[in-house]
Amino acid sequence: MRQLAHDPSAAPQLPPKMNGSKAPAATPGEEITKEIRKLSFEDKSTSNKESRQQQLEQTSAALSLPQEFVVKYLGHRDAGGLWGIKHTRKPVDEMVAQAKEMKAGETLPFLKLTVSDKGVDITDMPQNVNKDFEGGFYNIDVISYGVQDLVYTRVFAMIVVREESGSIKTQHPFQCHAFVCDSRHNARKLTFALAQAFQQFSKEVKGNKSVKKPKKFAIDLRSPEEIEVDLKEADSEA
């Protein structure tokens, strides 16, 4: 997959003031805040629901694995459950708020996220300067949920189930990890790639009795607009 060249240390140029004087240079923290704020100001789809659903199915079927994505890592937080955007919304809000408070000189980890039929592999890009992230490989059977966030539409979130161990009582069993994609489209594509991985893994389990039966998992392929409408309808019915 072609990757766009990106220098995470390069700050965008600000236009000069109308009076001709130069605007003060923005700090890295301010640039991060601007970038995070832009996450929710993306183009909104105006096509009808049936057309969108057909497009989703065609996109998912056309994807071949593995798929690679260049992302920035927001971090992780405890999640309240296995599935549902209700368990990712608050953690994403908290991580975005923390990113906005980053000090001058701090950057989000700049990573490569690879989705295959085996799971999700997270490694740092050569340009990455922030080594404070949880990388490595997440087997498909420990990922319980994936979704494109409805508020920050360039953010992809997934819930990971911690492996059971003797220390399970001292740590939360579910973790929400969040990643900033370079576009709303790629956040959507990442969601579809994980859906394709889930589908292939399910076929493998059904066709091979020797494969360990996985935990239940779900992928939310609704658009952010559809999720928001469904949540409002649920609230009105409650």
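The legends below describe close-up views of side-chain pairs in a predicted model. Local features require pLDDT of at least 70 and side-chain atom pairs count only at pLDDT 80 or more, whereas totals for chains, interfaces and linings use all residues. Residues are numbered from 1 along each chain as its sequence is written, and side-chain values use heavy atoms, with hydrogens and water left out.

**View 1. A salt bridge joins Lys 112 and Glu 68.** Side chains of opposite charge can pair when their charged atoms come close. A salt bridge is defined here as a side-chain nitrogen of Lys or Arg within 4 Å of a carboxyl oxygen of Asp or Glu. The structure holds five salt bridges. In this one, the N to O distance between Lys 112 and Glu 68 is 3.9 Å. The pair links distant parts of the chain, with Lys 112 in strand 2 (residues 110-116) and Glu 68 in strand 1 (residues 67-78), 44 residues apart. Helices (H or I, at least four residues) and strands (E, at least two) are DSSP runs, numbered from the N terminus. Lys 112 counts as partly exposed because its relative accessibility is 25%, and Glu 68 is likewise partly exposed, at 26%. In these terms, buried means under 20% relative accessible area, exposed means over 50%, and partly exposed lies in between (1.4 Å probe, protein chains only).

**View 2. Glu 94 forms a salt bridge with Arg 77.** The closest N and O atoms of the two residues are 3.7 Å apart. Glu 94 belongs to helix 3 (residues 89-100) and Arg 77 to strand 1, so that the pair links distant parts of the chain, 17 residues apart. Glu 94 is partly exposed, with 34% relative accessibility; Arg 77 is partly exposed at 24%.

**View 3. Asp 149 and Arg 89 meet in a salt bridge.** Their N to O distance is 3.0 Å. Asp 149 lies in the loop between strand 5 (143-148) and strand 6 (155-161), while Arg 89 lies in helix 3, so the pair ties together parts that are 60 residues apart in sequence. Both Asp 149 and Arg 89 are buried. Salt bridges that share partners join Arg 89, Asp 93 and Asp 149 into one network.

**View 4. Tyr 73 and Phe 179 form a tilted aromatic pair.** Rings of Phe, Tyr and Trp (its six-membered ring) pair if their centres lie within 6.5 Å; planes under 30 degrees apart count as stacked, over 60 as edge-to-face and the rest as tilted. The count by this rule is one aromatic pair. The centres of Tyr 73 and Phe 179 are 5.2 Å apart, with 40° between the planes. Tyr 73 is in strand 1 and Phe 179 in strand 7 (residues 174-181), 106 residues apart. Both Tyr 73 and Phe 179 are buried.
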